[in-house]
Amino acid sequence: MASPTEEMDAESLSTAPREDSRESSVTLPRLSTFETLRWAWRQLTSMRVALILLFLLSLAAIPGSLLPQRSANTDATKVTDWIASHKAIGPMLDRLQFFTVYKSAWFSAIYLLLFISLIGCIVPRSWQHFKTLRKPPPAAPRNLARLPAHFRWHDTSGVSIETKLDTAEAALKKKRFRVVRGTDADGGGWVSGEKGYLREIGNLVFHLSLVGILAGFAIKGYYGYQGKVLVTEGENFTNIALKYDDQDFGGGVDTDKLPPFSLKLNSFQARYETTKDSQDFGQPRGFTADVTYSAAGSDQKKHKTIKLNDPLSVNGVNLYLVSHGYAPIITVRDKSGTPVRSGPVKFFEAGAMFKSSGTLRVADGIKDKDGNPTQLGIQGWFLPTFVGMSPTEGPVSAFPAAANPELIINVYLGDLGEIPSVYKIDTSKAQQLVLDPQNGRKAVALDLEQGKTVQLPDGIGSISFDGVMQYAQFDINHDPSKKLVFGSAVGIVGGLILSLGIRRRRVFVRVKPATRNAVRVEVAGLARAEDARLRDEVRGVGRSLRPAKVGVRK
């Protein structure tokens, strides 16, 4: 027979698996596909994940405020210039949709997950609160002394228990408690009251309103649109997609069925600070656009003066006056003196005191010295109040109003590229003409007061500066979700007021026999969250049962 030591050694050296080791191992069950989906749904609809998604959404919006975005409200060249100046990181950010943040796949994914998460949080909470509202308040606990706010005393006034309970019930109802009443086996009775249900309703309204705002932004992004139009004085605009200078239409917008209306810019006026000693000299003081408009299907023309923050609303579309500029009238003639292009050309602000730059491309009617059709391009500066040339800044304007307008142009002849642009022309394959042969200068200044005309070399034609007009830039916005977003914003404020200003409280009153001539009265309260005014609430109910001061336990 082996000794205990030998048995232990044999057991320790044995390579066979031990039975108790097999019993102690734990194998987790595998989740089925349905159970995995249910687990994922519970995680997604938890408040923790909702807060994480809200935080991620705020982080995802940061690039949209730091980087230029491709939208109708911004200059498209800003994105192109940013990418060109950041050649290492710019193309990569463009591929990752950082210049269209709010339409990017990753921003939309966070947005959609947050929307689903909030819905998943709200629906069960709403159902649970609905069931709570249908239930009566709970019965009073047997030991009220354990509650955080508790007062008791012996009443020797001779008032019956039923009378005390009637008084307690009336006091709680006066304080807008839902009340339930019961009796004890020892001959006593109790009254239980609860209030503060609006607190949870406020929480639900807040979250529903947050969902409403998210839904409003989604509706605006899909069914709304915005655009930019530049309308020169005397020019008409009709609300069709082809008339937009820049546009951003949602996926659900039918561009052939835009809200119909027409508008004519009668005149535009701008006021500037004229005090030379002021630091704000030359700064704008007000813009007004005098327009005539009419909705389609109506022969009635209406008059409106559009100002900053005072848009024109017609057929569900808002037109905001956001900017303006100058449009010098340029006439281009061929070698026979026949005008081939005459009219205002929009120039865009590019310097101090409304120094503006612009381009004009004439593709038809111009022939070179050999009589072959060619293209003519003009690049130039417009100075509203020209005062001379600066060695560092070039031509200088002293004031933004057109007091002494001057047009300085460079002219190119040849192939100007395939894609026309109002901002620049492609001069890489064109020849720049010498406009002042005596001095060898390629750029010349056209003075409006002198009505100066420049003759192009080789008898190609001439260019003249015939006047100056102004144009107004309008941002067009159609937002079908604005009422929903406004109502949701009001709901968020109202929900916060309810959830922060209302406390969920329960107050209990128990009256039982104490001695032959006295009864014991207990008043206690319980709050769902920390409540500094709970004791005052309980003390107020106690005073209705005992006119003397309640607050000393006996």
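## Salt bridges

Asp-155 and Lys-164 form a salt bridge, with their closest N and O atoms 2.5 Å apart. Both Asp-155 and Lys-164 are buried. The model is predicted. A search of the whole structure finds 22 salt bridges. Side chains of opposite charge can pair when their charged atoms come close.

Glu-169 bridges to Lys-173, and here the closest N and O atoms are 3.2 Å apart. The two residues sit four apart in helix α9 (residues 161-174), so about one helical turn separates Glu-169 from Lys-173. This pair also belongs to a network of salt bridges: Glu-162, Asp-166, Glu-169, Lys-173 and Arg-181 are linked in it.

## A link between two strands

Arg-506 pairs with Glu-194 in a salt bridge. The closest N and O atoms are 3.1 Å apart. Arg-506 belongs to strand β23 (residues 505-515) and Glu-194 to strand β3 (residues 189-195), so the bridge ties together parts 312 residues apart in sequence.

Arg-506 counts as partly exposed because its relative accessibility is 26%, a value between the 20% and 50% cut-offs. Glu-194 counts as buried, at 3% relative accessibility.

## Glu-273 in its loop

Glu-273 lies in the loop between β7 (261-272) and β8 (284-295). Its relative accessible area is 16%, so Glu-273 is buried; the limit for that class is under 20%.

The Glu-273 side chain makes a polar contact with the side chain of Arg-285, at 3.2 Å. Leaving aside neighbours within four places in sequence, Glu-273 is in contact with Ser-278, Asp-280, Phe-281, Gly-282, Gln-283, Arg-285 and Phe-399.

## A nonpolar surface patch

Six side chains make up a nonpolar patch on the surface: Ile-52, Phe-55, Leu-56, Leu-59, Ile-62 and Leu-66. Together they have about 570 Å² of accessible area. Helix α4 gives the most, with four residues.

Leu-56 is one of the patch residues, and its place is in helix α4. At a relative accessible area of 35%, Leu-56 is partly exposed. That value passes the patch requirement of over 30% relative accessible area.

Note on methods: Residues numbered from 1 in each chain as written. Predicted model: local features only at pLDDT ≥ 70, side-chain atom pairs only at ≥ 80, totals over all residues. Heavy atoms only, no water. Buried < 20%, exposed > 50% of the residue type's maximum accessible area, 1.4 Å probe, protein only. Polar contact = N/O pair within 3.5 Å; in protein donor to acceptor, adjacent residues only side chain to side chain. Contact = heavy atoms within 4.5 Å. Patch = residues over 30% accessible without salt bridge, like charges linked within 9 Å, V, L, I, M, F, W, Y side chains within 5 Å. Areas by Shrake-Rupley, 256 points an atom, 1.4 Å probe, with all protein chains shown as cover. Salt bridge = Lys/Arg side-chain N within 4 Å of Asp/Glu carboxyl O.
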